[in-house]
Every structure is written in structure tokens, then in C-alpha cells.
Amino acid sequence: MVIAKPEWFKRKNRGFFSYQIAWQGAVYLITAITVLLIGILFTQSLIINLMSTAIFLFLFMDALGASLKSMDEREKTHSAIAMRNTAWGMIITMIIMSIIFSSFSGIKANLSILFMVTALIGGIINILTRYKLEKES
Amino acid sequence: MKTKIREYRKELKMTQEELAETVDVTRQTIIALEQGRYNPSLILAYKVTKALKRKNIEEVFIFENEI
């Protein structure tokens, strides 16, 4: 962790659906997303786009590291299983979409759509896996 | 795995939140342990045993039919 601190992302004991973190963690995440949105939506410059994406990824990975460090052993196990399922889901989604793009000439291959759908599927799988594990243990 | 965490915790008049803070886990983990839905690591089992002022892990965690 370079900037983020584990206590900013320590989960408060309120159950699965109300995932609460300290205000510092919320501000940190909002800042990271704001940097990305400003860099992508409000400018046409490729350099600024790349820079904002790089800054976002740095902040996001930093927050992810801090978040992992703040978890207890049960949450770490849940997180590891959820990440594994997410990775598999994203790989399968990318393969399926690549096959669809290459099989149907009418559909124009669009990388941004490919990445967005993959990320969405990954997010859904992650949430569902965590929910299931939380219910089970 | 069955546990006697709730029983011993109530003897000590300790809340789940307090026990969770003592052993550095979330309250959800204490709930899962009390309900026998989660098998802890040896380190966590030891911490919980100490927090409940017991000498042996076997007093708190009942391992019958686990092997």
C-alpha cells in the first residue's frame, strides 16, 4: 500500500448488503473514479486518457491491496474464491464474445464493448459468489 | 464443527462485537463460528480460546466426527 491504509477499508459489522467502510476509504474510491471519468469523458487527448486510466489503476490496485489487508481470515477465503470465479467468468465471457465477433460478420468487433461486458459479468459473478459464501458461512 | 463460544462468551458477559475486536475479526465471523458454519484456522481458534479465558482449544471447539 502506497497511499491507502487498511483501516480505511476495514469492513464495518453490518452484514453483506450494507458494506460500509470508513469515510477516508469512500473518499479515496470516489477520487479514483472521478479521475478516470474526468480523464475519459471530458477530454479527447489520448495522453490524458491514458494518464487518467493509469492513475485510476494505480489508486484502484492500492485500494485493493489495503482492502485485502484489512480482511480477516474468513473474508480472505471468500475473497479468494470470488476472485477465482470472477477470473474464470471473465475468461469464458471473452472467449464467447470473441467467437461471436468472429462468427457473425454483421457484428462489428468492438473492443470497448468486449471489455465492458466482460467487466460487468465479472462484477456480477464476484457479488453473487460473495453473497452465496456469506450465506453459507 | 460445534463450539461453546456463545456459552463461554455469555459467562464472561462479552458481546459478539467485543469478542470480534479482541481476536481481530468481524462480528460476522464470530456469528459463523458460534453457529458452527465456519472452521477457523488454528491461530484463530487459539485466539478465541484465550479471549474466552479457557486453557484448551478442545474446551471451546468440539472436534467430534470431524476426522
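**Stop one: a helix pair in chain A**

Helix 3 of chain A and helix 4 of chain A run roughly antiparallel to each other, because angles over 145 degrees count that way. Keep in mind that you're looking at a predicted model. To see the pair, select residues 73–103 for helix 3 of chain A and residues 111–136 for helix 4 of chain A; they pack at an angle of about 150°, and their axes are 8 Å apart. The crossing of helix 3 of chain A and helix 4 of chain A is right-handed.

Now show some side chains. On helix 3 of chain A, the contact includes A:His78, A:Asn85, A:Gly89 and A:Met97, while helix 4 of chain A brings in, among others, A:Leu114, A:Gly122, A:Arg130 and A:Glu134. Sorted by class, this contact has 10 nonpolar, 9 polar and 2 charged residues.

**Stop two: another pair in chain A**

Next, pick residues 23–41 (helix 1 of chain A) and residues 46–70 (helix 2 of chain A), which pack at about 165° with their axes 8 Å apart. That angle makes helix 1 of chain A roughly antiparallel to helix 2 of chain A. Their crossing is left-handed. Residues to click on include A:Tyr28, A:Leu36 and A:Gly39 of helix 1 of chain A, and A:Asn49, A:Phe56 and A:Ala63 of helix 2 of chain A. The contact has 14 nonpolar, 4 polar and no charged residues.

**Stop three: over to chain B**

Select B:Glu59, in helix 5 (residues 57–60) of chain B. Is B:Glu59 buried or exposed? It counts as exposed, because it has 12 C-beta neighbours inside 10 Å.

Definitions and conventions
Residues are numbered from 1 along each chain as its sequence is written. Chains are lettered from A and ligands numbered from 1 in the order in which they are written. This is a predicted model: local features need pLDDT of at least 70, side-chain atom pairs count only at pLDDT 80 or more; totals for chains, interfaces and linings use all residues. Axes are lines fitted to C-alpha atoms, for helices over the stretch in contact, and angles run from 0 to 180 degrees between N-to-C directions. Helices (H or I, at least four residues) and strands (E, at least two) are DSSP runs, numbered from the N terminus. Angles under 35 degrees count as roughly parallel, over 145 as roughly antiparallel, 65 to 115 as roughly perpendicular and the rest as oblique. A crossing is left-handed if the near helix is turned anticlockwise from the far one by less than a right angle, and right-handed if clockwise. Two residues are in contact if their C-beta atoms, placed from the backbone, lie within 7 Å. Ala, Val, Leu, Ile, Met, Phe, Trp, Tyr, Cys and Pro count as nonpolar, Asp, Glu, Lys and Arg as charged, and the others, Gly among them, as polar. A residue is buried if 20 or more other C-beta atoms lie within 10 Å of its own, exposed if 12 or fewer, and partly exposed in between; C-beta atoms are placed from the backbone.
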